[in-house]
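Here are a few exercises to work through with the viewer open. Try each task before you read its solution.

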Amino acid sequence: MADMIVSVCMVVFGRIFHAVAEKFVKKYVMLPTLRHMAGSRYISKGERKVKNIVKFSKVWMLTLLCALFLGVGIKAEAAPGTVQKIEQTGHATNAVEITWPNVNVGNPAGYKVEWSESTTFTNPTSELTTSSSYIIKNLTPGKHYYVRVSAYDSAKTFGPASAACEVVTAPLGKVENLKQKNLASKKISFSWKKVAGADAYMIAYKKENSSDSKSKTVTSTSSSISASTDSAYAIGVLPMTVSKTTDYEAYVTDNSAAMYMYTTPKKVTNLKLYDTGSSSSPTAAIAAFTGKMSNAADGYEYEIYGYNNKRLAKKTVAYKNIIAKTTSGKLVFDIKNNKIKNNQFMKIRIRPYVLMNGKKKSGSWSDYLWFAKYPTKLDAKFVTPGTARDGVLISWSKVAGAKDYTVYVTRGSRYGKYTKLGNTSATEYSFNSLGGSPLSNGDYYYYVVANKKVGKKTYKSDTSWKGLNGFTITTTWSY
């Protein structure tokens, strides 16, 4: 390669020298030579100039060749190569972080980082750094920027600029006015106010009491999810700025909003009386009911009507104030209301509600359930005072709305098996035997059930207090 360069140079400069010399020879050498041939000795100034030119040219050519030989032998320093694969690796509302691999071509001493809102880098801002990462500060929230990087060496020779990388800052505003649109059985729709600088929103949602969370990204200010019936979902919305070329998402978690949203709460079914009264008194104005409850309810509304179908009470109660757990772990509707009367049949219906956007939205009413508390003024006495020979008479207060009453008796333990003695429409019942055997000394326990017939269905009063009332037969005294 060096020989080729030298040969080319010799040819080029030789031709230049030949042209210059030819002019001088014609003017200053040929004419004096003709004169000399005519017989006169003459050395002109031209001859002297030619000699000097030849001498100078030889020296100049020698110097040039030496420089060429020496120059070819020295390797030139390569300029830094191109920066590759710029990536956004961090963000804030007013800053972005970028990184790139070190350049291995040349001997880079640092990098120049340029950024602009334009892909043509009109009036870009730039900074120098010796690191292969850089944080660009003082940016506008919710904006798209373009960044390019070039390497430079110690002589400030810059390599080619990298391809532009789109970067984004997070929007500054928070999600406001998040609300559920309507109440449906298998779908939840919702909307929110647009956040300045946000061009996308992350929707995250999870069914209550489930560990399975899901998410999706939307560009509008409304969305919907498919949901299970009778369910509550925690739904959150997070504003983002998303790069159009890299899909990088910039956001601030604290700018999100979240709330519970619901599908229509299901109707309470299989409603049954559990017990009445308090733990110490059967006459307390309390009644508990079991049933298939709603999974999504924030609370329940109930209505109670008297035996004559006149409404006695209507009330809305928060979940924590109406749902109780029994000692066996069963959930019950625990209703405390002084309109729950003794000695009459009443009917109740219950419906769940949810708080949609802070306002009560109710589900369907349950079917009516007729119920009555444990009858009061139960008493047992011997038909013939002082002796059980003629039997025992059990009496109780009349229960309004009852068709008839059923009497049950057991001997021995109050928790033993009770024998049904029979039905009566009166408020007393006498007997002198139990299970075909005459009454004998010992402890007896009894209870009375009031019955109400509605269509083909019979409703019964509370039986949870059986064993409360009893009497004793002895050979000499009784009570």
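**Exercise 1.** What volume does the largest pocket have?

*Solution.* Keep in mind that this is a predicted model. Start with the size: the volume of the largest pocket is about 350 Å³. Next, look towards the centre of this pocket, where Leu271, Lys272, Leu273, Leu369 and Tyr459 are the closest of 20 lining residues. Then assign elements: strand E16 (269-276), strand E24 (369-371) and strand E33 (457-460) each give two or more residues to the lining, and E16 has the largest share with 6 residues. Finally, sort the lining by class, which gives 9 nonpolar, 6 polar and 5 charged residues.

**Exercise 2.** Find which elements supply at least two residues each to the lining of the second largest pocket.

*Solution.* First locate this pocket, with a volume of about 180 Å³. Its lining includes Tyr274, Asp275, Lys325 and Asp334. The elements asked for are E16, strand E20 (323-325) and strand E21 (331-336). By class, this lining holds 4 nonpolar, 3 polar and 3 charged residues.

**Exercise 3.** Work out the order of the strands in the open sheet that contains E1.

*Solution.* Extending to the whole sheet, the order of the 3 strands is E1-E2-E5, with antiparallel pairing. E1 (87-91) and E5 (133-136) are the edge strands, each pairing on one side only. On average, neighbouring strands here are turned by 25° against each other, direction ignored.

Key
Residues numbered from 1 in each chain as written. Predicted model: local features only at pLDDT ≥ 70, side-chain atom pairs only at ≥ 80, totals over all residues. Heavy atoms only, no water. Pairing = 2+ DSSP bridges. Helix = DSSP H or I, 4+ residues; strand = E, 2+ residues; numbered from the N terminus. Axes fitted to C-alpha atoms, helices over the stretch in contact; angles between N-to-C directions. 1 Å grid on protein atoms, 1.4 Å probe; cavity = no way out; pocket = protein on both sides within 12 Å on 5 of 7 lines; lining within 4 Å. Points joined across faces, edges and corners; volume = space filled by probe spheres on them. Nonpolar A, V, L, I, M, F, W, Y, C, P; charged D, E, K, R; others polar.
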